[in-house]
Amino acid sequence: MTRQYKALSLLSGGLDSQLAVCVLREQGIHVEAITYKSPFFGTEKAEKAAKALSITQHIIDFTEDILEQVQRPAHGLGNAMNPCIDCHAFMIMRAGELMEKWGFDFIATGEVLAQRPMSQNKTSLGVVARCSKYEDLIVRPLSAGLLPPTKPVREGWIDAERLPRFSGRNRSPQIALAEHYGLKDYPAPAGGCLLTEKRFGHKLKDLLEKEGIDEDRTNVWLLQTGRHMRLSDKTKIIVGSCQADNNILEKQANPNDLRITCPELSGPVTIAPHDIDSDDLKLACAICARYAKKTSDDPVKVEVRRGRESQIFFIDPLPPDATQQYMIA
Ligand code: SF4
């Protein structure tokens, strides 16, 4: 009886990661999916894809790994704060550790040779493979015929002749293969990782340089929420930009931080550090009032809360053009 080989395949939810699963399955490989989550990328698309593929999916918290790579990227950052080479290597390394623990035979990824000029050229794929420590047990099924054969190919666990030979940025072959497998619902390529966005990168860089990361990582998760404004070297405020932001900020910001609101108007929840000095507090209140929906030119009533303590101020809102200078973007 022939043995059925088992692969753990990295599933981001993008088309390539879905196709990697399909082509391996077609060769009788048992495939399960690994999906990573962190404050910089979620699992929504991957969960949807896993459901459509009817595949067992393992969601793994990657927060500590990606924070380490962002702060000390051995192979540098991309255009923003994205340490793609190190991130890929660590994703494969963690998948390799689970492969050993769970008794799988190899790791698969949806990487396509030369699809991304910096992180998926032949050299980068080689660096990623070596740094992952599982170089000989990685299969990139969509480009396997163009890459040096690893153990699963050399030993005939999979037939490289039956695998695609995709290369470059042209997506037409992938789209044709998606039709072949009946894959209809897949996201547009790229996107999905906040670390590749320049504006988000500025917020993260500011956090790392000026504050450092909270032990429970709350301040990293909150980078996705609201407008982040730096008033001085020691003071950053976060101003909610919609009701959903306000709810998150009220609930998730550090309980010691100040909550600033305009109780008589519809407007933002603003979070400020508890040890803010009086000038910055006045400025934070004026910024909070600037984003409230004012109905007159009178000073705005602003409440500053910390736990059960509360103070009321009457403040003139900061003019919009004076507010912009504080935005971290
Ligand atoms: S885009 Fe984001 S998730 Fe993807 S490899 Fe780069 S840093 Fe990692």
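Domain bounds in this legend set come from an automatic or database domain assignment. The model shown is predicted.

**View 1. The two domains of the protein chain.** The chain is divided into domain 1, residues 6–194, and domain 2, residues 197–326. Taken over C-alpha atoms, the centres of domain 1 and domain 2 are separated by 39 Å.

**View 2. The contact between domain 1 and domain 2.** Eight residues of domain 1 are in contact with 13 residues of domain 2. On the side of domain 1 that touches domain 2, six residues are nonpolar and two are polar, with no charged residue.

**View 3. The surroundings of the ligand.** Phe41, Asn82, Pro83, Cys84, Cys87, His88, Cys193, Leu195 and Thr196 surround the ligand. By class, this shell has six nonpolar and three polar residues, and no charged ones. Cys193 is part of the shell; domain 1 is assigned to residues 6–194. Leu195 and Thr196 also belong to the shell.

**View 4. Helices α4 and α5.** Helix α4 covers residues 84–102 and helix α5 covers residues 122–132; their axes come within 8 Å and cross at roughly 40°. The angle makes α4 oblique to α5, because angles under 35 degrees count as roughly parallel and 65 to 115 as roughly perpendicular. The crossing in which α4 passes α5 is right-handed. From α4, the residues Ile85, His88, Ala89, Ile92, Met93 and Gly96 take part, and they meet Ser124, Val127, Val128, Cys131 and Ser132 of α5. The residues of this contact divide into seven nonpolar and four polar, with no charged residue. His88 of α4 takes part in the contact with α5 and is also listed in the shell around the ligand.

**View 5. Helices α3 and α4.** Helix α3, residues 63–71, packs with α4 at an angle of about 150°, and the two axes are 10 Å apart. The two helices are therefore roughly antiparallel to each other, since angles over 145 degrees count as such. As with α4 and α5, the crossing of α3 with α4 is right-handed. Asp65, Ile66 and Gln69 of α3 make the contact with Asp86, Cys87, Phe90 and Arg94 of α4. Three nonpolar, one polar and three charged residues make up this contact. Cys87 of α4 takes part in the contact with α3 and is also one of the residues that surround the ligand.

Key:
Residues are numbered from 1 along each chain as its sequence is written. This is a predicted model: local features need pLDDT of at least 70, side-chain atom pairs count only at pLDDT 80 or more; totals for chains, interfaces and linings use all residues. Two residues are in contact if their C-beta atoms, placed from the backbone, lie within 7 Å. Ala, Val, Leu, Ile, Met, Phe, Trp, Tyr, Cys and Pro count as nonpolar, Asp, Glu, Lys and Arg as charged, and the others, Gly among them, as polar. A residue is near a molecule or strand if its C-beta atom, placed from the backbone, lies within 6 Å of it. Axes are lines fitted to C-alpha atoms, for helices over the stretch in contact, and angles run from 0 to 180 degrees between N-to-C directions. Helices (H or I, at least four residues) and strands (E, at least two) are DSSP runs, numbered from the N terminus. A crossing is left-handed if the near helix is turned anticlockwise from the far one by less than a right angle, and right-handed if clockwise.
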